[in-house]
Amino acid sequence: VVESKVEGRKSKPQPTTLDLRPSTDLGFISPVVAKIAAEHGVDLSQVNGTGLNGRITKNDLLSYVESKKTEDRQPQTATVSRQPSAVIASSSGDQLIKHSTMRKSIAQHMVESKQISPHVLTVMEADMSRVSKHRAANKAAFERDGVNLTFTAYFMMAIVAGLKAYPQTNSSWSDEGLLVHKNINLGMAVSLSEDGLIVPVIKNADNLSLLAMARSINDLAARSRNKKLQPDEVKGGTFTLTNHGVSGSLFAFPVINQPQAGILGVGAMQKRVVVIDDAIAIRPMVYMSFVFDHRILDGASADWFLAKVKDTLENWA
């Protein structure tokens, strides 16, 4: 409503005038349609007219307004809602994946380990010919006992031999002195896909036969992936094996599982050309990466341990 002064007096309110001239884009717009569009904030260029020559009628506009109300009442299907609850999408298309409790725990443990222990890496490769032949000859017999004979069992047995020969490797550092563990409790890293990894422990591994070792590995690996481990089964490890070769890795630099003295990483087994007694031969070879705490072991003592593991595998009887 517009008011104006004429000769000092207020004139009567004049009705707002609407331009009813034809529009080159929209055609003729009636006052009723214009008023409804203004009330609802409708851009008339978005409305499909069904009247004469495409004219927008009152019903066209009311139908459009109602359809917009229906859309507003429906749940939105933005990109974020289609993602897992732990994934947040940004306008740039980047995604923030929230850390799980397990991932936070792993991160803290690994950072602390690198801060605590001076990590040193030594690498040797082992000829797996004898182990491969032994496994091929005994795999069926183990299966009859319900056990899958994996190469991991052989590596665990070889580690036991190395720890027995060099007990200092089966120890932990303390400010008072070196704590050499009586029992050999072997941890084995088990991947849980995107959830991270867990390290169940085979207690008193030095008392196990190859069959018993393989059975324990099968059981702990299966229950790890099914999240059925007991709390005590991930505690008390004195040394750890990580078989990163299962994903194709040749060798790696694992992080020590505190407060242990070291960790052995085993790469993928590959047939390679090697020289044996001045002759070229093809053998199934594997790299073994031993990472040790330099406070506990020196280069020589670490290599003695790793050489014993290598010798055990290469001379398997």
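How many of the 15 residues of helix 6 are buried? Notes below.

1. Before anything else: this is a predicted model, where local features need pLDDT of at least 70, side-chain atom pairs count only at pLDDT 80 or more, and totals for chains, interfaces and linings use all residues. Numbering starts from 1 along each chain as its sequence is written, and side-chain values use heavy atoms, with hydrogens and water left out.

2. To the question: helix 6 is mostly covered, with 11 of its 15 residues buried (under 20% relative accessible area, 1.4 Å probe, protein chains only). Among them are Phe155, Ala158, Ile159, Gly162 and Leu163.

3. Now the packing. Helix 6 (residues 151–165) meets helix 7 (residues 210–225) at about 120 degrees, axes 9 Å apart. On the helix 6 side, the contact (heavy atoms within 4.5 Å) uses Thr152, Ala153, Tyr154, Met156, Met157 and Val160; helix 7 brings Leu210, Met213, Ala214 and Ile217. By class, that contact has 9 nonpolar, 1 polar and no charged residues.

4. Elsewhere, Thr242 sits in strand 12 (residues 239–242) and counts as buried because its relative accessibility is 16%. Leaving aside residues up to four places away in sequence, Thr242 touches Ala189, Pro254, Ile263, Leu264, Gly265 and Val266.

Notes. Axes are lines fitted to C-alpha atoms, for helices over the stretch in contact, and angles run from 0 to 180 degrees between N-to-C directions. Helices (H or I, at least four residues) and strands (E, at least two) are DSSP runs, numbered from the N terminus. Ala, Val, Leu, Ile, Met, Phe, Trp, Tyr, Cys and Pro count as nonpolar, Asp, Glu, Lys and Arg as charged, and the others, Gly among them, as polar. Buried means under 20% relative accessible area, exposed over 50%, partly exposed in between (1.4 Å probe, protein chains only).
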